[in-house]
Structures are given as structure tokens and as C-alpha cells.
Amino acid sequence: MERVSKNNYYLDIAETVSERSTCLRRRFGAIIVKNDVIVSTGYNGAPRGRLNCNEIGSCYRDSLGIPKGERYELCRSVHAEANAIIAASREQMLGATLYMCCTDPKTGDIIGGMNSCMMCKRQIINAGITKVIIRNTKSEYTEVIVGDWIKDDDSLSGKFGY
């Protein structure tokens with residue numbers, strides 16, 4: 001019996017967390033891990049107490065034809081990374097790794113090639129998280145060193161989306 005790698009173990013958990021998402025476009029799950037301990041989890045959904053898009057039955061950004069990765073101020077959801085950061089103390093996040101998985105809300109299939117939006121990148125940087133690992137397939141993932149986001153400041157590029 002082959003043992004699953006540590007990264008894919010945590011990505012499996014992030015994928016399961018994504019199943020709690022209430023977004024009609026994309027389900028994201030994120031977990032923050034430090035010293036092999038899960039510090040917090042988060043998924044994308046409306047703030048506590050507000051109606052979620054799956055309860056309303058529509059997505060405002062979809063109805064306006066807004067492309068993915070743009071105009072997040074019009075989105076009802078708090079992103080998975082942000083929710084995981086909100087649920088953890090700064091001390092727990094310093095030097096931690098954030099694992100993230102995106103799945104299709106209709107099929108449950110993994111959607112590879114994702115990355116954090118500019119707003120979440122800023123939060124991850126300020127939280128002190130040093131690495132982000134993003135699932136691409138059941139066994140493949142992308143590893144991002146957060147310090148690279150500081151050097152390659154995409155907020156100056158004029159490009160949007162992910």
C-alpha cells in the first residue's frame with residue numbers, strides 16, 4: 001500500500017473543505033498548516049448571517065457577465081483564504097503553509113491552474129504565511145513561495161483575473 005504524500009494529504013482536506021462552499025461559480029477550500037498541525041480552515045461563502053448565493057439561486061457577478069478574477073467588490077463571498085486567515089491567530093500563521101483546492105460546484109471536479117486573487121495575496125503576505133500549495137489534479141500541485149508575490153508585484157501589472 002502506497003502512502004499519500006503529506007502535500008496531497010493536506011490538499012485532500014482542502015478539497016473536502018471546498019465542499020462547504022456556497023458559491024455557484026467555483027468552490028474553494030483552504031487550510032493553514034504549521035508544523036504539521038492544521039491551524040484553520042476556510043471556504044468561500046457569504047459573511048455569517050447573510051444569504052449565500054446558493055440560497056438566493058443566482059450569482060450577481062454572473063448576471064452582469066463579469067469575468068473570473070475581476071470586480072470582487074460585487075461578490076457576496078468572503079474568499080476561502082481570507083476565511084482561513086480570519087480564523088487563525090497571527091502567531092499560528094507566521095511561517096505556515098496555506099493549502100488550497102478549487103472544485104466545480106456542479107461536477108465536484110478539481111479545477112486546476114488557480115491562484116489567489118490580488119486581495120487574498122495581500123492578506124496572505126500580511127498574515128506571514130510563507131508558502132501556498134494549490135491543487136491542480138488529484139496528484140499534482142503548484143507550490144508558490146509567498147516572497148515571490150512580493151518581488152513580482154502583480155498589482156502594478158494592470159492585469160486582472162487569475
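Colleague: Which residues form one aromatic cluster?

Modeller: Y9, Y10 and Y99 form that cluster. Before going on, please keep in mind that this is a predicted model, in which local features need pLDDT of at least 70 and side-chain atom pairs count only at pLDDT 80 or more, while totals for chains, interfaces and linings use all residues. Residues are numbered from 1 along each chain as its sequence is written, and side-chain values use heavy atoms, with hydrogens and water left out.

Colleague: How many aromatic pairs does the structure hold?

Modeller: There are two aromatic pairs, where rings of Phe, Tyr and Trp (its six-membered ring) pair if their centres lie within 6.5 Å, and planes under 30 degrees apart count as stacked, over 60 as edge-to-face and the rest as tilted. Y9 and Y10 make a tilted pair, 5.0 Å centre to centre with 55° between the planes. Y10 also forms a tilted pair with Y99, at 5.1 Å centre to centre and 40° between the planes.

Colleague: What does the pair of Y10 and Y99 tie together?

Modeller: Y10 lies in helix α1 (residues 6-18) and Y99 in strand β3, so the pair ties together parts that are 89 residues apart in sequence. Helices (H or I, at least four residues) and strands (E, at least two) are DSSP runs, numbered from the N terminus.

Colleague: And is Y10 buried or exposed?

Modeller: Y10 is buried, with a relative accessible area of 3%, and Y99 is buried as well, at 6%, whereas Y9 is partly exposed at 40%. Buried means under 20% relative accessible area, exposed over 50%, and partly exposed in between (1.4 Å probe, protein chains only).

Colleague: What does I31 touch, leaving out residues up to four places away in sequence?

Modeller: With that exclusion, I31 touches Y10, I13, A14, V17, I38, S40, T41, T97, L98 and Y99, contact meaning heavy atoms within 4.5 Å. I31 sits in strand β1 and counts as buried, at 0% relative accessibility. The C-alpha atoms of I31 and V132 are separated by 9.9 Å, although these residues are 101 residues apart along the chain.

Colleague: Switching to the largest nonpolar core, which of its residues touch the most other members?

Modeller: Of its 23 residues, I32, I85, M93, L98, I124, I129 and V132 touch the most other members; a nonpolar core is a set of buried Ala, Val, Leu, Ile, Met, Phe, Trp, Tyr and Cys residues joined through side-chain atoms within 4.5 Å. Two or more residues are given to this core by each of β1 (27-34), α4 (80-86), β3 (97-103), α6 (118-127), β4 (131-135) and α7 (146-151). There is also a second, separate core of nine residues, which includes A14, I31, V33 and I133.

Colleague: What is M93 in contact with, neighbours within four places in sequence aside?

Modeller: M93 is then in contact with I32, I85, A88, A127, G128 and I129.

Colleague: And which residues of α6 are buried?

Modeller: In α6 the buried residues are M118, C120, K121, I124 and A127, and they pack against α4, α5 (90-93), β3, β4 and α7. After α6 comes G128, which has a positive phi, near 90°.

Colleague: How much space lies in the largest pocket?

Modeller: About 330 Å³ lies in the largest pocket. On a 1 Å grid over the protein atoms alone, a cavity is a set of points where a 1.4 Å probe fits but cannot get out, and a pocket is an open set with protein on both sides within 12 Å along at least five of seven lines; lining residues have an atom within 4 Å of a point. Grid points are joined across faces, edges and corners, and a volume is the space filled by probe spheres set on the points.

Colleague: Which residues are the closest to the centre of that pocket?

Modeller: Of the 14 residues that line the largest pocket, Y43, G45, A46, R48 and N83 are the closest to its centre. The largest share of the lining, three residues, comes from β2.

Colleague: Last one: what lines the largest cavity?

Modeller: The largest cavity, with about 70 Å³ of space, is lined by C23, R25, C53, C59, Y60, R61, L74, C75, R76 and S77.
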